[in-house]
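Open the model in a viewer and keep the sequence panel beside it. The stops below say what to select and what is there.

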Amino acid sequence: MTPPAYPLPAGIEALSARASQSPESGIVEVLNYGIGRQGIIPLWAGEGDVATPAFICDAAATGLAEGDTFYTYQRGIPPLRDALARYTEWLYGRPNSFERFFVTGSGMQAIQTAILLTADPGDEIVYHAPAWPNLPAAATIAGVTPVSVAMNFSETGWWLDLERVFAAVSERTRAICINSPSNPTGWVMPQADLETLLNFCRERGIWIIADEVYNRFVYGDVRNGAHGRPLAPSFHDVITPEDRVLFVNTFSKNWAMTGWRIGWIEAPEAIGIKLENLIQYSTSGVAGFMQRAALTALQEGDEFAESVIADARRGREIVSEGLKKSGRCRFTEPDGAFYAFFGIEGEPDTDRLGLRLVDEAGIGIAPGRAFGPEGAGYMRLCFVRRPSGLGEAMNRLNAWLTQR
Ligand SMILES: Cc1ncc(COP(=O)(O)O)c(C=O)c1O
């Protein structure tokens, strides 16, 4: 056989700079190390141990059986977009339009698309850290420079100094990304800060990328949403429909659909055609039968979503108790999301600790540095799980701590 006339890629050096510089995820490193180990309790990723409920799976199966296997709307099927608008109205008590909603192949793709919509190569986006690493990584891959603003940790928990955010903004800044409630710190942005930031961005024509995927996971003394249950303060409370705010959201968390890869963006109507184009030239839309499942999740899945939120609330108590017991963990109870982000006295270097805990304690926890240098010295543990497994995980962690 004649060899091809062009040189075959020999390795990474043959790749584009963007691909070869794509960072390895520190969460995935522990996951790859521990996955499939006998008896391991995996608390490394942002998901629970309950599978997607049957009524949601059945809707997808019905779609498949009925031949819903063709190309479909790039923006998402109209009933799903409409249901997303109604769902958002139900939460925030403000009228909304289905034209603002775009179905994406995951929250991750929503973030990627939001970056592409707002920033060109060489531009900057500002974000607060420790942060879910996929955000800065997606920016880097798009040729956009992610500029981090370190959050502060004090006895009352993590907080963000807005003056530092404003100081990080340069002429090249196109967007500020706010993830509230935050993964991994559990910080929730106060409503007054949402307003201040919005005004700052309005004056400068800067976009806000609002990652509010954990909006229903809030604890302690919080206001209720229009739906009558706890809800984090949101840019929804302070914007007008024309404001340059892109909301990122997902079906992964509320409805235990992490493996499905389906989410959404809410955006000003005026940019709809460009958003549609970006979807066309990436995934060309989400499978119709999956969208039917997502629609069912919105229409019939509230009781289930509340059970996931209740698991997280109980999980937070179990983990807080467990971490306090050892007397060696530096930690405050998170106000939102479903992670404990904690340091361990006597273990300043947590980089290898995730791998060691897999071997030595049979638990999977992500190292803080996976969330940026600002997370060094911390570990992240996901507590959206059924109580029995979590209790056992805390016993294992405490047994391990007493032996060190
Ligand atoms: C802060 C944050 N944003 C977005 C996502 C995206 O979720 P998915 O890609 O599963 O929809 C996650 C997932 O863990 C997350 O933690």
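**Ground rules**

Residues are numbered from 1 along each chain as its sequence is written. This is a predicted model, in which local features need pLDDT of at least 70 and side-chain atom pairs count only at pLDDT 80 or more, while totals for chains, interfaces and linings use all residues.

**Whole chain**

Show everything as a cartoon. The protein has 13 helices and 15 strands; helices (H or I, at least four residues) and strands (E, at least two) are DSSP runs, numbered from the N terminus. The radius of gyration is 21 Å, close to the 22 Å from the globule rule for 404 residues, so the protein is as compact as a globular protein of that length. That radius is taken over C-alpha atoms, and the rule is 2.2 Å times the number of residues to the power 0.38. The C-alpha trace spans about 70 × 60 × 55 Å along its principal axes.

Colour by burial next. Buried residues are 47% of the 404; a residue is buried if 20 or more other C-beta atoms lie within 10 Å of its own, exposed if 12 or fewer, and partly exposed in between, with C-beta atoms placed from the backbone.

**Two domains**

Select 12–52 + 304–403 as domain 1 and 56–300 as domain 2. These bounds come from an automatic or database domain assignment. The C-alpha centres of the two domains lie 24 Å apart. Their contact takes 34 residues from domain 1 and 36 residues from domain 2, where contact means C-beta atoms, placed from the backbone, within 7 Å.

Now select helix H11 (302–326) and strand E12 (339–344), which each supply at least two residues of the side of domain 1 that touches domain 2. The largest share of that side, seven residues, comes from H11. By class, this side of domain 1 has 15 nonpolar, 12 polar and seven charged residues. Ala, Val, Leu, Ile, Met, Phe, Trp, Tyr, Cys and Pro count as nonpolar, Asp, Glu, Lys and Arg as charged, and the others, Gly among them, as polar.

**Ligand shell**

Which residues are closest to the ligand? Of the 13 residues around the ligand, the closest are Ser106, Gly107, Met108, Thr250 and Ser252; a residue is near if its C-beta atom, placed from the backbone, lies within 6 Å. The shell holds three nonpolar, nine polar and one charged residues.

**Strands around E10**

From Thr250, step to strand E9 (residues 245–250), which pairs antiparallel with E10 over four bridges. Strands pair if DSSP finds at least two bridges between them. Threonine 250 stands opposite glycine 263 in E10. Strand E2 (residues 101–104) also pairs antiparallel with E10 over four bridges, and there threonine 104 has glycine 263 as its bridge partner. On strand E10 (residues 263–266), Gly263 and Ile265 point one way and Trp264 and Glu266 the other, all of them buried.

**The four-strand sheet**

Return to E12. It belongs to an open, antiparallel sheet of four strands in the order E11-E12-E15-E14. Strand E11 (329–330) and strand E14 (366–367) are the edges, each pairing on one side only. E12 and strand E15 (residues 379–382) share four bridges; tyrosine 339 has cysteine 382 in E15 as its bridge partner.

**Tryptophan 187**

Last, select tryptophan 187, in the loop between strand E7 (173–179) and helix H8 (191–204). Tryptophan 187 counts as buried because 25 C-beta neighbours lie inside 10 Å. Its C-alpha atom is 6.5 Å from that of tryptophan 159, 28 residues apart along the chain. Not counting residues up to four places away in sequence, tryptophan 187 touches Met151, Gly157, Trp158, Trp159, Leu160, Ser180, Ser182 and Asp335.

Notes
Contact = placed C-beta atoms within 7 Å.
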